[in-house]
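Dear colleague,

I am handing over a structure that I have been reading through, and I would be glad if you looked at it beside the notes that follow.

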Amino acid sequence: MPSLFDAVSEHEQVLLCSDPTSGLRAIIAVYSTALGPALGGTRFHPYVDDEHALADALALSRAMAYKAACAGLDLGGGKAVIIGDPHRDKSEPLLRAYGRHIASLGGRYVTACDVGTYVNDMDVIARETRWVAGRSPEHGGSGDSGVLTAFGVFEGMRAAARHRWGTPSLSGRLVGVSGVGKVGRRLVGHLLADGAAVVAADVDPAALARLTTEFPAARTVGHPDALFDQDLDVYAPCALGGALNATTVARLRAAIVCGGANNQLATPDIGTELTKAGVLYAPDFVVNAGGLIQVADEIEGYSPDRARARAAHIFDTTAEVLRLAAEEGLTTVEAAEQIAEHRMTHVGRLRRFLLP
């Protein structure tokens with residue numbers, strides 16, 4: 001039976017956080033600090049069990065390291081999960097107890113928003129530690145990171161469209177958006193403005209109602225599973241991870257997959273299955289880096305124009321990944337990981353030199 005150390009062997013550090021009085025049970029996973037402090041959001045989610053929570057934290061932190069490296073940021077990769085129902089269990093004492101655990105790492109890990117956490121939560125956590133990004137504008141932050149996450153996904157989708165169809169536009173294409181929360185809803189706006197047709201789905205009927213109120217031109221189909229039966233040009237998963245598995249890939253009728261969700265592939269071999277099926281996959285950790293770029297910009301003192309300009313480069317990064325994959329006979333995930341690992345190795349090695 002594999003030991004716990006086998007499970008976390010790729011990671012630099014994994015911290016289990018507990019505060020029985022507030023009910024805090026959390027995991028902070030630091031994958032790599034080769035390029036700088038590990039920056040990654042905090043996910044607040046009612047996991048089935050602790051093993052699922054740990055697996056999510058490990059996979060997400062690894063993806064964050066690759067995301068930062070591909071985006072050209074001087075940051076490492078980390079992620080945290082708080083185990084519980086954010087609607088029922090979230091409280092000021094719990095968030096502040098969690099903030100003190102972050103503070104104990106001395107800057108090795110910087111948190112931000114993720115599923116189940118919001119800007120106001122970051123402001124509460126920041127009352128106990130300064131290692132927080134994604135704060136409210138009132139506190140010098142950039143606000144909701146979904147703004148540039150959606151913009152970056154759109155830029156990545158444009159690059160994928162150029163690679164597949166020869167033009168960097170979604171005009172006249174049908175895009176299926178799965179999940180219309182902080183990122184998916186904004187992505188729909190970019191797509192409609194570009195002339196695309198949109199069919200959207202979400203497990204939350206209220207989210208779909210908000211979408212159709214804001215964007216009446218968007219068609220909805222209810223449950224996300226229904227999108228796999230649509231004749232799409234692009235499938236955009238923007239909810240939780242693992243949407244692409246052997247069953248859904250067999251049903252998928254789209255030329256491109258490009259969305260905002262993290263860890264979209266249920267298992268690593270799904271990237272190969274997509275390639276075999278002739279589906280162009282834009283790796284999630286490349287195209288959804290806009291939110292990371294946005295909150296990372298706070299380190300210099302947030303500039304909306306500078307952050308947006310940096311996020312626009314996701315088009316070029318995506319194009320480079322797709323080009324390398326085609327030329328070297330790699331899956332797009334392999335190509336993106338190769339680019340990330342090269343930077344982590346060759347830039348990260350400079351940290352061997354002690355500076356005053």
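The crossing of α6 and α7 is right-handed, a crossing being called right-handed if the near helix is turned clockwise from the far one by less than a right angle, and left-handed if anticlockwise. The contact, meaning heavy atoms within 4.5 Å, is made by Gly-146, Val-147, Ala-150, Phe-151, Val-153, Phe-154 and Met-157 of α6 and by Arg-186, Leu-187, His-190 and Leu-191 of α7. These residues divide into eight nonpolar, two polar and one charged, where Ala, Val, Leu, Ile, Met, Phe, Trp, Tyr, Cys and Pro count as nonpolar, Asp, Glu, Lys and Arg as charged, and the others, Gly among them, as polar.

Please keep in mind that this is a predicted model, in which local features need pLDDT of at least 70 and side-chain atom pairs count only at pLDDT 80 or more, while totals for chains, interfaces and linings use all residues. Residues are numbered from 1 along each chain as its sequence is written, and side-chain values use heavy atoms, with hydrogens and water left out.

The axes of α6 (residues 146-165) and α7 (residues 184-193) come within 8 Å and cross at roughly 45 degrees, the axes being lines fitted to C-alpha atoms, for helices over the stretch in contact, with angles from 0 to 180 degrees between N-to-C directions. That makes α6 oblique to α7, since angles under 35 degrees count as roughly parallel, over 145 as roughly antiparallel, 65 to 115 as roughly perpendicular and the rest as oblique. Helices here are DSSP runs (H or I, at least four residues), as are strands (E, at least two), numbered from the N terminus.

The axes of α2 and α15 also come within 8 Å, and they cross at roughly 75 degrees, which means that α2 is roughly perpendicular to α15. The residues of this contact divide into nine nonpolar, no polar and four charged.
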